[in-house]
Amino acid sequence: MEISPIEDLKIIPDIVQPYPDPSVGREGVIVIDNGSFNCRAGWMLKEKPALVFRNILAKPRKDRNKKDIEVATVPVTQIGNDIVNIEALRLQLRTQFDRNVVTHYNVQEQIFDYIFTKLGINSENSVPHKVMITECLFNPNYCRSLMSELLFECYDIPGLSYGVDSLLSFHSNQRGKSGLIIATGYHTTHVVPVLNGRMVVENIRRINIGGSHMIAFLHRCLQLKYTFHLNAITLSRSEVLLHKYGEFAYDYIEALQNWACLTYYDQNVKKIQLPYNQTTAAPALTTEQKFEKKKELSKRLAEINARRREERLAQDEELLMQLQQLEESAEDGEDIRDGLVEHSIKDVGELKRMIATVNARIEKARQKMNAPCAGGSQSQLQSDSDKLLQPPPNMSVVEWVEETRRKRDAIIEKRQARRQRKQDLAKRRTAAAQERMRIISHLARKEKGSDDFGMRDEDWDVYKQISREEDSDNENESERLVEYDIILKQYDSTYEDPLLTMSGNAAELYQLHVGVERIRAPEILFQPSIIGSYEAGLAETIDFVLKLFPAEQRGCLVNNIFLTGGCAKIRGLKDRLSREMREMLPFESRFEIEVAREPVLDAWNGASKFCLTETFRQSLITRPMYEECGGEYLKEHVHGNVYFPTPKDCGDQLTG
């Protein structure tokens, strides 16, 4: 399975464009697609916008640690592509939108400053260019009034025209005069029926689900799945993962069943490698240097084990002296109950058994220390190290390596079994612990004649003291493991260094397996209930809108279904919608679904083309018209909203 590195958003700061642009001149129209996610701005007649940036503003907070005597400085405001690291300023981000409606015009003013500055406009106190700007469907008159006031009063533009992004994208793709537009946005999704070149206003429906909800849901799913990587799984990375790996399932229930199959999961899961601090590899060593390093490691380990034996021997000798003193005091008839409790000993009989055990342990340790290999000279250690890398005379190298690997595996299995048994004994309900309690209870019945040992909590405390593991040959096992590792590294080419294996495991710990989340996050567009929304999904909304039309008009709409907006770029949307349409339409009904050529840029391209038409010149709101009709006034055209004048209040109607 291929492992892909995590991709972060690569943001390149915008440069100031030359002004005036020779290909446009001073009469050019500024085209602004004011989207709730990205803003696209540039000159008409261009193939693509000059500026594409996130429609957000970041104003870092003032440092409270600074002294009051210092001169107060205004925080530097960062806009769009000037915000190189969005995640670092996530809490300071601001937007002019509430869902898809502009409501914060102080932020919008700074966004306009950024646009006009980057376009190179250097005229004094005004912007001497007409502006074509997009707005949301059914933009409230009050919001449009504030936008017009901002552009006319603050920037003194000569003319202004409004358009709807989805209708402009429909125009850019030349989809005809009738059709059904599915506009998927960052915060909302609209189903817009168009008949004879005009949208049917009363039958338009909106779903409050968009790309931001998919990103947030994917972000939450991955954080719940990988709680250890909460900080590494950011919204920006979730956005990249959604657009790169997300897809709409053709049949969601069947897809969930497929993902439950291990084979399908292994074939389709996407493994993403998160960044982590990898230990720096050691410089390459020659064969002689490696051999000397291994011998030095073996000698150092032997010295450490010898020092530990000496420390344990001294402790055992001190313990033996204390136990022997207790035994002598008992023989003299003195009360030794406090001494027995201090050493967790029950009676004199157990005291004698413990003295014998400690004495045997001391004798065994002394024998190991007096052995020639343990206490020999430096030359003896060197000789042993040389003999270590030589196979026995009666064995071949292959047999010797195989035997060494078998011995090493046996020690590792023995260690794992001992560790597992120790863990089982520490738990009260395990089979090993209950078996030990049964044996102790049997012994207790013999001594006390009772049958209730092990039923009380204090009996469990006694059991834990008795279950202490005796000293084992762990130090000898460690020495042998080091020897076997040295032999296998030298003679076995297939042997994997444990350190390298640990490094590989560390990399696996920092991997994200994006599996069923690939289809679960986009699915909320069709099933908003997944994230707790009570709205209808896209398929139900389309069905509801189609039933508002008679049969002959319904056929005109389904024969030209047009998908646009950022979510239309996610794989599988067309196929999924085709399946949903076959289920909701009568048998053998014909329909056609097309995706915009450039779902993200087509709104700007459509607005740019619209600026060349006579309809655009007729739809312009000039400064005198703005002063006469007010900021909410809108000249209607086929690519814009319908104008509904704000009703006058009852007092004005009575006085009139």
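A: Contact here means heavy atoms within 4.5 Å. Among contacts in the protein between residues at least 6 apart in sequence, 72% join residues at least 24 apart. The model is predicted, so local features need pLDDT of at least 70 and side-chain atom pairs count only at pLDDT 80 or more, while totals for chains, interfaces and linings use all residues. Residues are numbered from 1 along each chain as its sequence is written, and side-chain values use heavy atoms, with hydrogens and water left out.

The protein has 25 helices and 20 strands, taken as DSSP runs numbered from the N terminus (helices H or I, at least four residues; strands E, at least two).

The pair in question is helix H1 (residues 105-118) and helix H2 (residues 141-155), which pack at an angle of about 45 degrees with their axes 11 Å apart. Axes are lines fitted to C-alpha atoms, for helices over the stretch in contact, and angles run from 0 to 180 degrees between N-to-C directions. H1 and H2 are therefore oblique to each other; angles under 35 degrees count as roughly parallel, over 145 as roughly antiparallel, 65 to 115 as roughly perpendicular and the rest as oblique.

From H1, Tyr105, Gln108, Glu109, Phe112, Asp113 and Phe116 meet Cys143, Arg144, Leu146, Met147, Leu150, Leu151, Cys154 and Tyr155 of H2. This contact comprises 10 nonpolar, 1 polar and 3 charged residues, where Ala, Val, Leu, Ile, Met, Phe, Trp, Tyr, Cys and Pro count as nonpolar, Asp, Glu, Lys and Arg as charged, and the others, Gly among them, as polar.
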